[in-house]
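The following note sets out points for a colleague to check against the coordinates. Please read it with the model open.

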Amino acid sequence: MTFSPGDLFLILPELLVITAACLVLVLDPVLSSSQKDGLAWLSLGTLAICMGLIASQMNHAASAFGGIVIIDAYACFWKLLLCFVAGLTVLLSHTYLREERLYFGEYYGFVLLSLSGMMVMVSAADLLTIYLGTELMSLSLYVMAGLKRSEPRSLEASAKYFVLGAFSSGILLYGISLLYGATGSTRLPAIAAAIAGRSLDDPLLLAATVLLAVGFGFKLAVVPFHMWTPDVYQGAPTSVTAFMAVASKAASFGAFLRVFVEGLGSLKANWSAIFLLLCIATLVLGNIVALVQTNIKRMLAYSSIAHAGYALIGVVAAGVAGTQTGETNGITAVMLYLALYAFMTFGAFTIVAMLRKGGLDGDEIEDFTGLAARHPLAALLMLVFMVSLAGIPPTAGFIGKFYVFMAAVEAGLTWLAVLALVFAAISAYYYLRIIMVMYMREPDPLTAASPRLIMSPALSIVLACAVAGVVFFGLYPGPLVNLAGHAVLTFK
Amino acid sequence: MTHSFPWLTLLIVLPLAGAVALCFAKDSSVRLIALGITAANLLLSLPLWWLFDSSSGGMQFNETALWISTPPIHYRLGLDGISLPLVLMTTMLMPLCVLISWRSIDQRIRSFMAMLLVMEGAMIGVFAALDFVLFYVFWEAMLIPMYLLIGVWGGPNRIYAAVKFFLYTLVGSVLLLVAILVLYFQSGHTFDIVQLSQAAVPASLQFWLFLAFFAAFAVKVPMFPFHTWLPDAHVEAPTAGSVILASVLLKMGGYGFVRFSLPMLPDASMAFAPLMITLSIIAIIYGAYMALAQADLKKLIAYSSVSHMGFVTLGLFTFNIQGIEGAVMQMVNHGITTGGLFLCVGVIYERTHSRQIADNTGLTTPMPRYATLLVIFALSSLGLPGTNSFVGEFMVLAGTFIWSKLATALASLGIILAAAYMLWMIQRVAFGLPSQHMLSALRDLDRREMATLIPLVVLVFLIGIFPNPILTRMHASVNQVLARTSVPTAATAMRADDQLLPAPTGGDFPAMETPRP
């Protein structure tokens, strides 16, 4: 492997994030509890600088460390999204942690460490590096999920997440080793070259594909590898749930697309069949089970599972499409979907985090009863997020679905689009239920135990960003579509 | 003809901006602002009636701007002779909806008025959109405000009705979205409605697309087996909501058929015509029978809507000029008459807090003005000559006569039944004996209520006696639709050639020669 100092410059954003993370961890014991706010501002500042740097790298494709790391527009797209979400997470956590009395300065350190793992995932072109990024991301998330040490549910979430995560990492690693055995390399371009002429029925490649699909399936939380999601999403502190539901999913999709489309592109016929099955199972199970949830975090967990199913449609379309444009459209649709999904899901989780009942999370759907009468603005925002998640125009959720279904129809998967849209209509029922509870039921008389909303300037910024994204991209998605379209072109 | 002035954008944006403005208005002025904005929108829409060039069947008042570049989706608006009357009907009804809600809505009035205004913007958008995706956006965007109108301000069973309304229409429209996408890839990568109306789609594909369109539009109309959401939604909705539902939302189904199904999928429309006409006749007779049995005034009018909308779909699928023009006329007339009837029920409900016919009897003595207007709307609804509904229903029946005499005979039963249920209703409500315990509540109409109802009464007679201004404006546009469906096929044996323009698409699209059933 060749190494030049210039390579370090290329991964400057990652280095900055890691440095800031270490700084936070070192400063945390030194600072008094009143000064710990500074750690949040330090993290935010770092993220802002990183986003600037990443934006400047957007137009220069380059590779570092002998091709292990690729800095292209595709990677930059994901990194921008991830940094943005991490920024929102820090802002949300700032208020939420105080309310939960979780005075851990290292929390921000873990957010940044996890973020750096995600950034490595999306710009790595080597399976082992991707694995490294995945582990860095996951290990930090395991800790964050268990931060509410006094609450058994949080600990259970952490343990469950860790056991299943470790298990899936093992499967992923097994797939990587098989692929290495079959091709003699862990670099995606080399793998692609080695399998280019191979038969689709090659058992070794088949086994490797399946294992990789299962490994990534856990990270993406698609059915039947979703079992951990509801428990972990419900148990983890809500700010962490929001971060997991949005950022870890986006990063996993980023790496997943690169591995399958770039590395295993010539095995398309195999993996698109696998993902087609996973996609249908995810859409069906995610949406149906979400219908009967009474806890909003669990409902949103199943909803996020279902949304992974919609994004998978784009992946399947990219795999099935016969033409180059069909393939790029499929990938663009996935990127767009995840980006738009980030705004609405983060917004919804923020409202959930704001609702408190007697010092605890007010995370039962019943707790939203009559919210519109007490807090009209918060209810309106939640309405916008729910409408968007249901995919009804003119919101971002509709645009995301529109492009995914367009890719599906272009690839000749009209029946899949019909199926997915029918389930989208079914999903409207559980999103509408939240609206119904907020608007059409009168709140109980106010008592000390009534749910109340916490507010802070930081939360206002988070909500403003989320709702602005949902509404603006719902009305005028052009800039984001072009950005994703441009990013895809550098891919492959 | 292109107008540089963005009439349609203004018509859509003004109510939406008004809805935003309401958020910052003083509580006491909310009603006045909403009234002012809807009235301004009405005034703004009136010039279109005279600026419209009735000699042209093309789109007028066109506006185009690129909205999304990949795929090419445009912000494209325009009106033709079919959408113009519907837009004007909408702008005309909205101030009345605001007026009727003046006192009957006493909770969250600000949000209520905002929802009405959002609905107005979206409804005008639906009729004016000339890009299929834009159309779909407006079409779906109406769902949430309507859901809230029913669910927040509705009657006792409102939540059930609101969810049922929402899910029925949503399931229908998601299939429409798939059809839009398929059509995009099949007819030259465009969402332009005008271009798509000229494109040739293979007959086998048309079959599936027709079913998808049907799912969306038939639920909205609503056609016979898909009508079950309508009585619930109508009954539970507040008066203004019922008026919007009956007068405008139902028209979108009929509008969808005539704007999309007929010109874009002519072969399939022909092939499905017997089924469509059968369903229409079932709706006409079944709706009327159901109306006969209702004890609740709103339910009675709701089922009469099912029956009357049956005439719309009946006329559309006769593929001749009388039938289609009659159907469009019937859409406008149903909007006016049923809107008037729902307003009347709203008025009486404000007084007696009951919609039961048994509770509201003998109103002529205590409320002579009210009873007069109610009788006028009821007579219009049963299609008395001289009132507006007669024109539409007569034309539809005349068109059906060319198509099938049996169908005409069966559909005429609907008119007889309409006379039965409407006259029976009048007999009880207007001429029965007033129930003593209600008598104290029965004040006659005040000035605001008169102002709400009189405009509709004027239109009832104006259109009934002098329908020509509307017919001349839609003539050329309907001919264009007919030109698409008049390509001779084996599916129909109609004889109306002398009224048709030559098919504009003949030579340009060799693919038109695909095998037909």
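A residue is called buried if 20 or more other C-beta atoms lie within 10 Å of its own, exposed if 12 or fewer, and partly exposed in between, with C-beta atoms placed from the backbone. Helices (H or I, at least four residues) and strands (E, at least two) are DSSP runs, numbered from the N terminus.

1. Basis of the model. This is a predicted model: local features need pLDDT of at least 70, side-chain atom pairs count only at pLDDT 80 or more, and totals for chains, interfaces and linings use all residues. Residues are numbered from 1 along each chain as its sequence is written, while chains are lettered from A and ligands numbered from 1 in the order in which they are written.

2. Confidence. The model has an ipTM of 0.93 and a pTM of 0.92.

3. Helix H3 of chain A. This helix (residues 37-57) has 21 residues and reaches 31 Å from its first C-alpha to its last, close to the expected 30 Å, where the expected span is 1.5 Å times one less than the number of residues. Its buried residues include A:Leu39, A:Ser43, A:Leu47, A:Cys50 and A:Ile54. Seen down the axis of H3(A), the buried residues fall within an arc of 145°, so they line one face of the helix; the arc is that of the directions from the helix axis to the C-beta atoms. The face turned away from the buried side carries the exposed residues A:Trp41, A:Gly45, A:Ala48, A:Gly52 and A:Ser56.

4. Packing of H3(A). The buried residues of H3(A) pack against helix H2 (12-30), strand S2 (69-71), helix H4 (73-100) and helix H5 (106-123) of chain A. H5(A) is itself mostly covered, with 18 of its 18 residues buried.

5. Interface. In the model, 25 residues of chain A are in contact with 25 residues of chain B. On the side of chain A that touches chain B, H18(A) gives the most, with 13 residues. The residues of that side divide into 21 nonpolar, three polar and one charged. Here Ala, Val, Leu, Ile, Met, Phe, Trp, Tyr, Cys and Pro count as nonpolar, Asp, Glu, Lys and Arg as charged, and the others, Gly among them, as polar.

6. A residue touching both chains. A:Phe405 touches A:Ala417, A:Ala420 and A:Leu421, as well as B:Leu177, B:Val178 and B:Leu181, not counting residues up to four places away in sequence.

7. Backbone geometry. Most residues other than glycine have a negative phi, and most peptide bonds are trans. The bond from A:Val223 to A:Pro224 is cis, with omega near 5°, and A:Pro224 is found in the loop between helix H9 (203-220) and helix H10 (228-235) of chain A. A:Ala221, in the loop between H9 and H10 of chain A, has a positive phi, near 60°. A:Ala221 counts as buried because it has 28 C-beta neighbours inside 10 Å. In chain B, the bond from B:Val221 to B:Pro222 is cis, with omega near -10°.

Note on methods. Two residues are in contact if their C-beta atoms, placed from the backbone, lie within 7 Å.
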